Amino acid sequence: MQRNPQLNQAGELQHLLSIEGLPREILTQILDTAESFAGVTEREVKKVPLLRGKSVFNLFFEPSTRTRTTFEIAAKRLSADVINLNIAISSHTKGESLLDTVANLSAMHADIFVVRHSSSGAPFLIARHVKPHEHVINAGDGRHAHPTQGLLDLFTIRHYKKDFSRLTVAIIGDVLHSRVARSLIHGLTTLGAPEVRVIGPQTLLPAGVEALGVKVFHDMREGLRDCDVVVMLRLQSERMKGALLPSAQEYFKNYGLTLDKLSLARKDAIVMHPGPMNRGVEIDSSVADGPHSVILPQVTFGIAVRMAVMSIVAGN
Amino acid sequence: MVKLPEAEKLCEQLAAELRPKLGPKSAMIGLYTGGAWLAERLHSLLAIKEPLGLMDISFYRDDYHQQGLHHDPKRTKIPFDVSGREILLVDDVLYTGRTVRAAMNELFDYGRPASISLVVLADRGGRQLPVCAQYCGARVEVPAGMRLRLTREASGKLALVLESQSAT
């Protein structure tokens with residue numbers, strides 16, 4: 001059997017590349033550790049000395065403000081030195097290969113690479129080539145995975161709902177192009193959520209998505225019934241051009257989350273969104289800013305979750 | 001076989017020793033896990049007004065680069081303002097002094113206490129840092145390769161036990 005590329009020989013987390021294939025104990029360890037870091041982020045001095053003297057390189061081959069910023073804050077709160085490289089406009093355009101870029105940064109004594117790339121699998125390729133003391137964290141690769149977003153979603157759900165064992169979770173929208181949805185589905189099934197639903201038009205759901213252990217709905221009202229957790233996905237505007245959808249207005253009518261549709265879910269349901277939001281396309285402002293929304297707490301929890309991931313991998 | 005002192009008696013003894021020293025600025029913090037149990041006991045025996053603080057020093061340990069992160073860190077909770085307080089820092093067993101150093105570093109990230117005193121149930125010697133306890137229940141000789149640890153039964157009864165180091 002091939003060894004899981006994320007784990008070292010002792011079965012500990014060496015790199016975080018994907019939630020898929022991670023055992024329940026490791027997911028729980030990350031969430032528990034993040035819970036302790038959440039305490040640190042509420043203090044006046046929001047820093048601990050764990051990664052003093054370590055260098056974290058944020059390698060963003062694809063633009064992202066929020067994810068890069070939260071990784072940067074997390075690394076700084078662990079006392080690491082952070083170097084941000086926006087490679088989309090740097091050596092990449094001069095023709096340097098991905099592995100040459102990484103080899104050069106390794107020569108500058110990197111300890112952690114945080115990688116965002118438009119090609120699925122790029123962080124795996126890097127992880128196969130780094131030195132034993134170097135660690136790779138996937139910050140989103142193509143349509144494949146976005147494990148820290150998935151983990152912060154899991155953290156948020158656990159924070160508000162305490163326990164996964166009785167939850168019905170609906171993931172709504174463009175599941176086809178969403179690495180967030182994929183990571184979250186794997187995490188929820190691993191942690192024992194009994195019912196995960198995906199809701200969206202046929203054109204935006206991947207073929208054979210049922211194989212991931214989810215129930216498929218095309219009617220949003222039907223799918224929302226009695227849900228405890230509602231996860232909205234961002235609808236990327238380019239999808240409209242690709243003839244997958246008629247128009248933003250039409251999409252909002254069928255799949256936009258309004259107070260009226262939300263009333264079909266449980267009274268204490270929480271509404272999540274990985275951001276950035278398109279108000280009036282996938283979510284109505286009255287919901288995004290309403291009492292069920294936990295969209296901004298998600299961002300805060302994301303810092304604690306990324307602190308947990310970095311301090312666990314760097315210690316293994 | 002080493003004869004271990006009775007933890008329950010040591011608790012009473014420490015409480016009696018601490019009682020006359022408490023003042024309006026006193027506050028107590030226990031270190032997970034054994035120190036937290038002892039602190040819970042002392043805090044209630046002494047009826048300290050300020051709620052008890054509980055601290056997990058995992059993020060301040062000096063062996064992180066050798067051992068990695070502790071697997072199940074608890075969340076540190078200090079429900080009072082540390083600044084200007086006379087802190088009683090409570091741990092079960094004092095050994096190398098490294099835990100106490102880590103705890104003091106963490107404590108200063110919460111504020112500047114007026115003073116810190118160390119309270120331990122047992123001192124097993126073997127210090128690697130200049131640390132000493134102001135209040136100590138007993139000195140205990142521990143054979144090489146063994147670990148001295150506090151346990152708590154379901155009934156709440158505290159007891160010191162010796163176990164082989166590999167068992168941790």
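Chain A is built from 12 helices and 9 strands, and keep in mind that this is a predicted model. Its radius of gyration is 19 Å, which agrees with the value near 20 Å that a compact globule of 316 residues would have. One helix to keep an eye on is α1(A), which gives the largest share of the chain A side that touches chain B, 7 residues.

**Overall build of chain A**

- Some 48% of the 316 residues in chain A count as buried.
- If you take the contacts in chain A with a separation of 6 or more, 76% of them join residues 24 or more positions apart.

**Where chain A touches chain B**

- Chain A puts 16 residues into the contact, and chain B puts in 14 residues.
- On the chain A side, the elements giving two or more residues are α1 (24-40) and α12 (295-315).
- Of these two, α1(A) brings the largest share, with 7 residues.
- Sorted by class, the chain A side that touches chain B has 6 nonpolar, 7 polar and 3 charged residues.

**How α1(A) packs on α5(A)**

- Helix α1(A) also packs against α5 (residues 147-161) of chain A, with the axes 10 Å apart and an angle of about 70° between them.
- That angle makes α1(A) roughly perpendicular to α5(A), because 65 to 115 degrees is the range that counts as such.
- As for handedness, α1(A) and α5(A) cross in a right-handed way.
- From α1(A), the residues involved are A:Ile30, A:Leu31 and A:Ala34, and they meet A:Leu151, A:Leu154, A:Phe155 and A:Arg158 of α5(A).
- That contact between α1(A) and α5(A) comes out as 6 nonpolar, no polar and 1 charged residues.

**A look at A:Asp289**

- You'll find A:Asp289 in the loop between α11 (285-288) and α12 of chain A.
- A:Asp289 counts as exposed because it has 12 C-beta neighbours inside 10 Å, and the cut-off for exposed is 12 or fewer.
- A:Asp289 and A:Phe61 lie 228 residues apart along the chain, and their C-alpha atoms are separated by 32 Å.

Definitions and conventions. Residues numbered from 1 in each chain as written. Chains lettered and ligands numbered in written order. Predicted model: local features only at pLDDT ≥ 70, side-chain atom pairs only at ≥ 80, totals over all residues. Contact = placed C-beta atoms within 7 Å. Helix = DSSP H or I, 4+ residues; strand = E, 2+ residues; numbered from the N terminus. Nonpolar A, V, L, I, M, F, W, Y, C, P; charged D, E, K, R; others polar. Axes fitted to C-alpha atoms, helices over the stretch in contact; angles between N-to-C directions. Parallel < 35°, antiparallel > 145°, perpendicular 65-115°, else oblique. Left-handed = near helix turned anticlockwise from the far one by under 90°. Buried ≥ 20, exposed ≤ 12 C-beta atoms within 10 Å, placed from the backbone. Rg over C-alpha atoms; globule rule 2.2 N^0.38 Å.
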